[in-house]
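Student: I am new to this structure and would like to learn how to read it. Could we go through it one feature at a time?

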Amino acid sequence: MNQQNLASDIWNIADTLRGDFKQSEFGRVILPFAVLRRLECVLEPTRSAVLAQYEAVKTTGIDLDLVLPATAQANFYNVSQFNLATLGSTSTRANLEDYVAKFSANARQVFEHFEFGKWLEKLEKANLLYMVANQFANLGLHPNVLTNHEMGLVFEHLIRKFAESANDTAGEFFTPRDVVRLVTTLVFATDHEALNGQGVIRTVYDCAAGTGGFLSSAIEQVQEWNPNAKLVPYAQELNPETYAISVADKLIQGYDVRNLKLGNTLNNDQLRNERFDYCLANPPFGVKWEKVQADVNAEHVNEGFAGRFGPGLPRVGDGSLLFLMHLLSKRKPVDEHSKGTRIGIVLSGSPLFNGGAGSGESEIRRWILENDWLEAIVALPNDLFYNTGIGTYIWVLSNHKAAERKGLVQLIDASALHTPMQKSLGSKRKRLSEDQIAEIARLLQDMPNEGISKLFKTTDFGYRRITVERPLRLRFEATDARIANFNAVTNQAHADKLATVRGTFDSIDALLKAAGIKKLTKAHLKELMAALGLKDPDAQPMKDEKGNVMPDADLREFENVPLGQSIADYFAKEVLPHVPDAWIDEGKKDEKDGQVGIVGYEINFNRYFYQYQPPRKLEDIDQDLKAIEAEIAALLGEVTE
């Protein structure tokens, strides 16, 4: 079955709502009804048995949650006499509310997060409730027709349509399944042997879960490798509607949805004490985190490295690195019980290089690289996501890297590996085929240092930012206007002495000697320099009261010296030949290691894979221009005829 076509068929029910509901509200009606119909179809084979058992035990005081799930052959159940087909046309709303209220609590919460009751009331007032319910009752969403994976795709297509109708961003809620499959393959591939053991139980976590696509894909992939393995999902999601879909999806799959939390991960980690075997995430790109800034700042300051944000904080305009630090806080210790944690996260390009030495972003990258947690970064093709065409990257991290990877980072440029889509979906015009996913996974496993895969030492991305100073060179002009300006800001005695001299002086000492001034305070010297001084590259360097050459702030520059390279050698080779009077400000030292120069880290991906494209020959360009001129002339001729 084509999930996109089925989603379109479901969405067409929204035509019933036109005129009575805003287009932006269609999804809030369609989505919960689609979830309700799917849950109904899943429970249908055991419905009679569940109702019979309910009648037998309802007055005994037995906890229904202990007996009815087994009869329902699911983690949830419903004991209402109604379903979508039997609601009736007269008491439709009351009967439907009874139907929803008699789901088990774990399923009922789904409709609470959808605020389903509010929309039922609006449908009833518009005399549309019975019609809409009846249309959904005729949809065939049974598990023997539509697998959980396929139903998940239907939900994603519906959310995309909902987002489009509401002028919203669908990509914030789910990740294309081809990208998801690549991430899970890269994260799980090195653990293939472990995942193929007997009685394997592993945990997987998504901190920005959306509809739960990452978790579902991870579960499916492990099941493909080893039907006896079990992957237990954990998650947190901010949006109530997509959270509701994720809960419904995991209920149907038979998982404990108490591990799925609703709320903002950054300021309210509801799985604070949990640690996981695998972490997967595609947090929203470039989202501001100012709403949670106070809480995040407090955790950074008060908890330091005992909290999640010890290394530093990125700029408020992009919270991507906050999510990355959060995932790293979920790593398991490496011991006899655990092989640590592997992480796969999809990020835009900015976390690779935003922020200079000493900035929050740089310090976060430094923390990751100096702890040797970064295993690989994969550059993806543009136009792979629903809501953006920008370049995106998969970061693969581990706190238990294989011996051959120690101290190394692998960069894979997969930007040219893609397959065109027959029909675009939003901004998504390309996809990754199974063969292309397998090829990228093979590159990660084999670690070649050629072509689109390159290996680097972790220190290759580091540098020291040194401050290069040059002398302040001033000549002094004693004119009436300049002396008057100095007179306005300093004491009269000095002004009177300066008034006795006129002319240009090549140094401050010469000026003071001519005026008979033996000594100036630091403040007065500064005022004198501002009033009478003019920049002159041929003048003598200015010195302070201690005899030290004063730097010219306008000539100050910064140089990034690669880690491991001698600063002195770099300075002698790269700086002094061009500016012989320069020196290094050795007072600018790194706070962590105390050495000269502020340590910074950046991963300029394009630099490592840049391929020079020689310019076209002038003759070829000239021929093209002549051809265009001839074409224009012909067109003008047609107009004048």
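Student: In what order do the strands of the open sheet run, and what is the pairing?

Tutor: Strands of a sheet pair through backbone hydrogen bonds, either parallel or antiparallel. This is a predicted model, and in it 9 strands make an open sheet, ordered β3-β2-β1-β4-β7-β9-β8-β10-β13, with mixed pairing. The edges are β3 (260-262) and β13 (453-457); each has a single partner strand, so one side of each lacks a neighbour in the sheet. On average, neighbouring strands here are turned by 15° against each other, direction ignored.

Student: In which sense do β1 and β2 pair, parallel or antiparallel?

Tutor: Strand β1 (residues 201-206) pairs with β2 in the parallel sense, over 6 bridges. One place to look is valine 204, whose bridge partner in β2 is proline 233.

Student: What about β11 and β12: parallel or antiparallel?

Tutor: Strand β11 (residues 419-425) and strand β12 (residues 428-431) are antiparallel, with 3 bridges. Proline 420 has lysine 430 in β12 as its bridge partner. The two strands form a hairpin with 2 residues between them, and glycine 426 in the turn has a positive phi of about 65°.

Student: Back to β2. Is tyrosine 234 buried or exposed?

Tutor: Tyrosine 234 lies in strand β2 (residues 230-237). Its relative accessibility is 13%, and buried means under 20%, so tyrosine 234 counts as buried. Leaving aside neighbours within four places in sequence, its contacts include Val204, Asp206, Leu215, Leu260 and Phe276.

Student: How far apart are tyrosine 234 and leucine 327, in sequence and in space?

Tutor: They are 93 residues apart in sequence and 12 Å apart in space, C-alpha to C-alpha.

Student: Now the helices. Which strands does α10 lie across?

Tutor: Helix α10 (residues 177-188) lies across β2, β4 (278-281), β7 (342-348), β8 (374-379) and β9 (392-398), and runs at about 145° to β7.

Student: At what angle do the axes of α10 and α12 cross?

Tutor: Two packed helices are described by the angle between their axes and the distance between the axes. For α10 and α12, the axes come within 9 Å and cross at roughly 55°. That makes α10 oblique to α12. The crossing is right-handed. Among the residues that meet are Val180, Thr184 and Phe188 in α10, and Phe214, Ala218 and Val222 in α12.

Student: What span should α12 have, and which of its residues are buried?

Tutor: At 1.5 Å a residue, the 13 residues of α12 (residues 213-225) should span 18 Å, and the end C-alpha atoms are 18 Å apart, which agrees. Its buried residues include Gly213, Leu215, Ile219 and Gln221.

Key
Residues numbered from 1 in each chain as written. Predicted model: local features only at pLDDT ≥ 70, side-chain atom pairs only at ≥ 80, totals over all residues. Heavy atoms only, no water. Helix = DSSP H or I, 4+ residues; strand = E, 2+ residues; numbered from the N terminus. Expected span 1.5 Å × (residues − 1). Buried < 20%, exposed > 50% of the residue type's maximum accessible area, 1.4 Å probe, protein only. Contact = heavy atoms within 4.5 Å. Pairing = 2+ DSSP bridges. Axes fitted to C-alpha atoms, helices over the stretch in contact; angles between N-to-C directions. Parallel < 35°, antiparallel > 145°, perpendicular 65-115°, else oblique. Left-handed = near helix turned anticlockwise from the far one by under 90°.
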